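Please keep the sequence and the model in view while reading.

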Amino acid sequence: MSKVHHVIIIPGLGDEIGKITWATNFWSRFGLNPTVHSVGWHTREKEFRPKLQILIDIVDTFADKGDRVSLVGCSAGGSAALNTFFERRETVHRVINICGRLRTGTQNGFRSFNVRTATSPTFSESVKLFESNENLLTSQDKQKIMTVRPLFGDELVPADTIILRDAYNITIPTPEHVFSIAMALTAFSKPLITFLTKE
């Protein structure tokens with residue numbers, strides 16, 4: 001009996017569980033079993049570490065059954081996915097960051113780190129945590145990582161905070177943040193699915 005390939009999809013600040021579940025239902029045709037998990041970016045629990053531990057526990061639960069596990073983070077979920085991967089690098093098969101800020105960056109104004117994380121201390125902590133560990137990722141680790149960004153610009157997340165050096169960094173022919181995430185999961189999902197299903 002072949003392994004189940006669980007793909008844990010982590011939404012952004014809007015926690016759009018229903019929409020992402022609907023958008024990725026067709027992934028099952030390719031042998032993938034999507035599970036959308038909300039971090040809870042705006043709950044009373046402001047600290048990211050307990051939320052990260054829940055994600056790690058989900059990975060462990062699937063892996064302990066002998067199943068394959070991958071992670072996909074959308075927007076704010078990107079840093080959460082990468083932080084989970086960092087803790088379970090030997091277990092997680094692949095991880096994808098779709099339009100997610102992975103570092104604080106140097107931008108000012110509307111796209112600055114402080115403005116974009118103002119509503120969620122949890123998100124702020126998640127980004128800072130990954131940024132502090134980024135230099136510990138090995139070349140082998142980075143071969144398991146893909147980042148996705150819009151070719152025609154993201155009004156919320158600067159490209160240089162999405163890209164991870166020496167990972168698989170791709171663009172899709174779209175503008176705008178939310179639209180690009182939707183298209184990455186649906187119409188332009190082929191490179192993502194190919195990456196996830198690669199041995």
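In what follows, an axis is a line fitted to C-alpha atoms, for helices over the stretch in contact, and angles run from 0 to 180 degrees between N-to-C directions. The model described here is a predicted one.

Two packed helices are described by the angle between their axes and the distance between the axes. Helix α2, residues 48–64, packs against helix α5, residues 121–133, at an angle of about 70°, and their axes are 9 Å apart. Because angles of 65 to 115 degrees count as roughly perpendicular, α2 is roughly perpendicular to α5. On the side of α2 the contact is made by F48, R49, K51 and L52, and on the side of α5 by T122, E125, S126 and L129. Sorted by class, the contact of α2 with α5 has three nonpolar, two polar and three charged residues.

The sheet comes next. Six strands form an open sheet in the order β2-β1-β3-β4-β5-β6, with parallel pairing. Its edge strands are β2 (32–36) and β6 (168–172), each of which pairs on one side only. From one strand to the next, the twist averages 20°.

Within this order, strand β4 (residues 95–98) deserves a separate look. Strand β3, residues 68–74, pairs with β4 in the parallel sense over four bridges. In this pairing G73 stands opposite N97 of β4, and C74 stands opposite I98 of β4. Strand β5, residues 145–150, runs parallel to β4 and is joined to β4 by four bridges; here M146 of β5 is the bridge partner of I96. Is strand β4 covered or open on its faces? Both faces are covered, since V95 and N97 on one side and I96 and I98 on the other are all under the 20% relative accessible area that defines a buried residue.

Helices lie across the sheet as well. Helix α2 lies across β1 (5–10), β2 and β3, and runs at about 170° to β1. Helix α3 is mostly covered, as 10 of its 11 residues are buried. Among the buried residues of α3 are G77, A80, L82, F85 and F86.

N83 is one of the residues of helix α3. Why does N83 count as buried? Its relative accessible area is 2%, and the cut-off for a buried residue is under 20%. Apart from neighbours within four places in sequence, N83 is in contact with F48, L52, S126, L129 and F130. Of these, F48 and L52 belong to the contact made by α2, and S126 and L129 to that made by α5.

L185 lies in helix α7, residues 177–185, and counts as buried because its relative accessibility is 2%. Which residues does L185 touch, not counting residues up to four places away in sequence? They are I20, A23, T24, F26, W27, C74 and I98. The C-alpha atoms of L185 and P34 are separated by 11 Å, although the two residues are 151 residues apart along the chain.

Technical notes
Residues numbered from 1 in each chain as written. Predicted model: local features only at pLDDT ≥ 70, side-chain atom pairs only at ≥ 80, totals over all residues. Heavy atoms only, no water. Helix = DSSP H or I, 4+ residues; strand = E, 2+ residues; numbered from the N terminus. Parallel < 35°, antiparallel > 145°, perpendicular 65-115°, else oblique. Contact = heavy atoms within 4.5 Å. Nonpolar A, V, L, I, M, F, W, Y, C, P; charged D, E, K, R; others polar. Buried < 20%, exposed > 50% of the residue type's maximum accessible area, 1.4 Å probe, protein only. Pairing = 2+ DSSP bridges.
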